[in-house]
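Subject: Structure handover and what I found in it

Dear colleague,

I am passing on the structure we spoke about, together with some notes on what came out of going through it. Please have the sequence and the coordinates open while you read.

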Amino acid sequence: MAEALEIVGICASPGVAIGTVHLAADVTAETFAPFYTVAAEREKLRQAVGVAVTDLSALADRLDEESAGILDFQVEMLLDPALVEMAEERIVGGDGAALAWAGALDRYIAGIEEAPDEQLRARAVDVVDIRNRVLRALTGRPVEDFAPGSVFVGKDLEPSHFLAHDWSAGGGIVLFDGSASSHVAMLARSRGIPMVVATGRFEIGDGLRVLVDASDALVVIDPEDARIRKAKSRMASASPSAPAQPGGTVETADGVAIRLSAIINDRQELKATDPSSFAGIGLMRTEFLIASPADAFDEEKHYEVCRQALDWAGSAPVIVRMLDLGGDKTLPGLGAKKSESFMGVRGIRLLLALPELARVQARALLRAAAHGNLSVLLPMVTVPDELDSMRTIFEEELAVLVRRGVEARMPEIGMMVEVPAAALMLDRFSRSAFFSFGTNDLAQYLMAAARGDQSVAGLYEVAAPAVCRLIGQSVALAEAMKRPLGICGEMASEPRHVPALMAAGLRHFSVAPSRIADIRSAIGGSCSDGRAAAEKR
Amino acid sequence: MESRPRQEAPEAGDAHGHCQTEIEVTHGFGLHARPSVTFTRLARSFPCSVEIEVNGSNVWLNGKSIVKMIGARIRRGTILKIRARGLRAAEAIRALKALVERDFDEEKKHGRSA
């Protein structure tokens, strides 16, 4: 038999997968470069406007004269070069097509809304419709999808690419670079997709059969059947999935109630998770719900996802985090160019730098808040000013919605505590309705070790004691302020860290649904001061 | 053009195809959506340039651009100046002015008699 080639990497998500290789083309700066040129963005916008006009005209043909007249108006608006020119000014200024379009149209809409005439103000709705239609047509770069069940092999994988793929037929991921603490690794773990990272570059042909034995951090090219059987049998015996238990709280060995909420990354997780096992959603990440910059500006999409989450949770609270882009979570043209660094423009910094984007999501959240127990969580807050600026945006957008007669409610607005300065100065954030620790970022900033950098992964791994000490201090500050607080970082989904986090004073954990059974037993087996149940007395 | 009869005083034109008029918008809904479509379509049917100015703002906007018209927030009672330059300028001004006076033919479009 031919000798099978084995490659060693690092396990980012355990499990075993066998499939044919999908070898991804390298996404390098060069491949991206033409995508960002002014000419390309301008062309993309023109095409999207063309698609919108065609769609509208086709739609108008099917309607009665009165309704068609309204669409006629929209077509006239789109055919008027003035609209595209307003957006093109922004493209020349460095904005991507979607951002430029949304920014120009929002400004124009705001002008109409200031009109003293009610009838004229009502026309703003038509322009909003135009804006959204073109944004939907601007679906961005189509992702190069691959056959279901195959094994993705490449330099790296973007979270949006991961989410656009159908993983229901299984499959696996092998990355030449990558890191076990990247967001895509987190997504793979929550979906149970085997993933091996940091294998280094190796030669492999598209379509070859490959075994991803992630639990052993091994990739086997063209494996023998016996090797596959061995890996599969070990996998079968190693996954005694504990039965789901109902209830959103669990008691420690000494009888202290710990609240358990779910971390939700996308709609599929919502469908796959039983709400009765959780006290609502402690963290809904919105950045993974969007696959393109156009989606980011699609208010209806944001709104629908929030409504789905509220329906899922029933009367339980749902905490939705605003778009946390930047760092390793980027979209073409959004948070991609200047904020590659984890220390750069990301999270709320990016939202405040792109108020058009923040306002779209704020409107969706304000509208959704009218339908359930929804709170808003702001990512990467460093100073109180950022919180205040975002509150102002919410207040302004609420006023606009009320004026338009749209049902809306001001949600409670809280903040992530993931920047060390914010954690240390928590008492200065009196305007935050609640706090949620984000340990992934807190750890990388405390250790000065980037999450995605495999060469310092060793430092990142041993961050827990420092993180727990800082959390302990912050918990005392939050309690003095009588503000609820919880944790939603990956540490909270790691049974081995749970005792220390409880000892630091945390009583509310948001965890990945796939880890809930392990977390329950870890909490049940510990006292609230973090000692093992057996040690007590 | 000079030979054509002109009844209204505010209208003024010259031999080089430059014509201007002033009119108050009386249509109840002002000049938005459908009236704007009608107005800009009519303006575009003339080869001359058509510009509008709202309430003596001294800002002249392209009268063939619906985007500019909507952005100008023209409502009932607005004093609209319309000026045209180029071929058939006087004819364009007369036609556009008549359209505003007829309340943009909105009555007709609602199925009532014109």
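Predicted model: local features only at pLDDT ≥ 70, side-chain atom pairs only at ≥ 80, totals over all residues.

Helix H16(A) covers residues 384-404, and its 21 residues reach 31 Å from the first C-alpha to the last, which is close to the 30 Å expected at 1.5 Å a residue. Within H16(A), the residues that are buried are Glu386(A), Leu387(A), Met390(A), Phe394(A), Glu397(A) and Leu398(A). Seen down the helix axis, the buried residues of H16(A) fall within an arc of 110°, so they line one face of the helix. The other side of H16(A) carries exposed residues, namely Asp385(A), Asp388(A), Thr392(A), Glu395(A), Ala399(A) and Arg403(A). As for what the buried residues of H16(A) pack against, the partners in chain A are helix H14 (348-353), helix H15 (355-369), strand E13 (374-378) and strand E14 (412-417). Just after H16(A) comes Gly405(A), which takes a positive phi of about 80°.

Helix H15(A) has 15 residues, which at 1.5 Å a residue should span 21 Å, and its end C-alpha atoms are 20 Å apart, in agreement with that expectation. H15(A) is mostly covered, since 13 of its 15 residues are buried.

How do these two helices meet? Two packed helices are described by the angle between their axes and the distance between the axes. For H15(A) and H16(A) the angle is about 60° and the axes are 9 Å apart, which makes H15(A) oblique to H16(A). The crossing in which H15(A) passes H16(A) is right-handed. On the H15(A) side, Pro355(A), Ala358(A), Arg359(A), Ala362(A), Arg363(A), Leu366(A) and Arg367(A) take part, and they meet Met390(A), Ile393(A), Phe394(A), Glu397(A), Leu398(A) and Leu401(A) in H16(A).

**Tyr460 of chain A**

Tyr460(A) sits in helix H19(A), residues 457-461, and it is buried, with 22 other C-beta atoms within 10 Å. Leaving aside residues up to four places away in sequence, Tyr460(A) touches Ser181(A), Ala443(A), Gln444(A), Met447(A), Ala449(A) and Arg451(A). The C-alpha atom of Tyr460(A) is separated by 9.4 Å from that of Tyr445(A), a residue 15 residues apart from it along the chain.

**The contact between chains A and B**

Chain A puts 17 residues into the contact and chain B puts in 15 residues. On the side of chain A that touches chain B, the elements giving two or more residues are helix H3 (65-79), helix H4 (81-92), helix H5 (97-113) and helix H6 (118-122) of chain A. Of these, H3(A) gives the most, with five residues.

**Two residues of chain B with positive phi**

Asn55(B) is not a glycine and yet has a positive phi of about 50°. Asn55(B) lies in the loop between strand E3 (49-54) and strand E4 (60-62) of chain B, where it is partly exposed, with 15 other C-beta atoms within 10 Å.

Phe104(B), also a residue other than glycine, has a positive phi near 60°, and its place is the loop between helix H3 (89-101) and helix H4 (106-109) of chain B. With 21 C-beta neighbours inside 10 Å, Phe104(B) counts as buried.

With best wishes

Notes
Residues numbered from 1 in each chain as written. Chains lettered and ligands numbered in written order. Helix = DSSP H or I, 4+ residues; strand = E, 2+ residues; numbered from the N terminus. Expected span 1.5 Å × (residues − 1). Buried ≥ 20, exposed ≤ 12 C-beta atoms within 10 Å, placed from the backbone. Arc of directions from axis to C-beta. Contact = placed C-beta atoms within 7 Å. Axes fitted to C-alpha atoms, helices over the stretch in contact; angles between N-to-C directions. Parallel < 35°, antiparallel > 145°, perpendicular 65-115°, else oblique. Left-handed = near helix turned anticlockwise from the far one by under 90°.
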